[in-house]
Amino acid sequence: MIKPLEKNALVAFIERKDLDSVRAALKPCHPFDIASVLPELPPEQRVEILLSLPAKRQAQVFGYLDAEEQLALARALRREDLGRLFADMDPDERADLFKRLPAAVREAIVPGLAQAEREDIRKLAAYPESTVGAVMTSAYAAVPPDVTAREAIDLLRQEAPNRETIYEVFVIDATRELLGVVSLRELLLAPPESRVSEVMRREVVKVAAEAPRAEAARLIGEYDLIALPVTNGGGKLVGIVTADDAMEVAEQEELKRIQTFGGTLAVGGPDLDLLNSPFRQLFTARFFWLALLTVFGLATSHIVAAQEEMLEKAIVLAAFIAPIVDMGGNTGSQTATMVIRAMALGQIALRFSDFLKVLKRDLPVALALGGGVAVLEAVLAYTTKSLGWDVVAVIGLSMLACTVLGSLFGILLPFAARAMKQDPATLSSPVITSVMDLVGVLIYFGIAWIVLAHLFVD
């Protein structure tokens, strides 16, 4: 790791144009450590440090920079320097950077690349960002089935410098159809004159290039793979996804789940970022729902105001409006949070069968919760307010109904939000609270009109 004093010395070497000292200072450093220093320096010094390194090392350091830093540095490099850097980069990283570059820069770089590199970029950059094809690399090790184990090892020795990994070797025919896989260990332990076709495993775990990229991470994790082969629609091998690439994909997917769970998806738009999203996007994404829920609040207040006659004759009912309607909102929010968490973790999806599964699981719990809080509220009301059994019955039944309905609504809303392509985390808590306020008031006064009808007869 580069220490602060070494960083200062590095800057001093650059200011003196002493590139030999720069190279000597960086020689023992890991590419990651060099990459971690670059963003702390002015743009022109970043370029000088990068260009002072050997060509292959430049590509290694560049690969450890985040996407924004790569783009900024690429724009600062001269076209010929960027072209040389491109030639030494790993194919997948090269394709990712190529897609982010402005069209004018791409056009300037392409003529300086070898035909094979141009074709490779074209293929890799063609896949949508959300697919396996966008994260795969074409730098895989492959051998034909009819060579001997000795010949296969000789081929790998030649290919090794330009391959992402040689520990998993894929067996392909002349048309690049994937026939099997063999590990380097298996080749080394096999009789030297045995054919690869005799040693290879024909049952290969693979993934389609058009599949969601999370599928590659899942397969690598479940089968404990070093590299996962990627095939096109015709079964031809087009690339591999390595374990470290899968780790990055898994981290990105987990970040998305956290964002979804936290309610950071705008209405009909991109993810919200509290620190980076523009004011207008933050405002409109949240104001729409708050404005809609204001209407629910107004309707609730009108319903309460319309019960003036009832409240005059049974004023004690007013004391229990808040705890009863709050219980529906609280229970619904609890349930919705658990459903959203299950969605974020991939335990349930937008399927009717999953909805029924959750409903079946939660309904007995909701009834038990409703019964428990209803009894508790009724006992507290009776002992602290000295109420009659008819009023206690209204309170208990209302609490039971609101708790159960709130829980059921907490199940329904996340699924409904997903079906409408909205973020359930953004909607669930405020919508449940407002809707259950309205529903709770209707339930409470409805039960009161039925149970306490004798009080309202003149």
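An open sheet of 3 strands has mixed pairing and the order S4-S5-S6. At its edges are strand S4 (207-208) and strand S6 (237-242), each pairing on one side only. This is a predicted model, in which local features need pLDDT of at least 70 and side-chain atom pairs count only at pLDDT 80 or more, while totals for chains, interfaces and linings use all residues. Residues are numbered from 1 along each chain as its sequence is written, and side-chain values use heavy atoms, leaving out hydrogens and water.

**The sheet**
- Strands here are DSSP runs of E with at least two residues, and helices are runs of H or I with at least four, numbered from the N terminus.
- Two strands pair if DSSP finds at least two bridges between them.
- S4 and strand S5 (residues 227-231) run parallel and are joined by 2 bridges.
- Val-207 has Val-230 as its bridge partner in S5.

**Nonpolar cores**
- A core is a set of buried (under 20% relative accessible area, 1.4 Å probe, protein chains only) Ala, Val, Leu, Ile, Met, Phe, Trp, Tyr and Cys residues joined through side-chain atoms within 4.5 Å.
- The largest nonpolar core has 34 residues, and Ile-49, Phe-62, Leu-82, Phe-86 and Leu-101 have the most contacts inside it.
- Apart from it lies another core, of 19 residues, including Val-207 and Leu-228.

**Arg-351**
- Arg-351 sits in the loop between helix H18 (321-344) and helix H19 (352-385).

Methods
Buried < 20%, exposed > 50% of the residue type's maximum accessible area, 1.4 Å probe, protein only.
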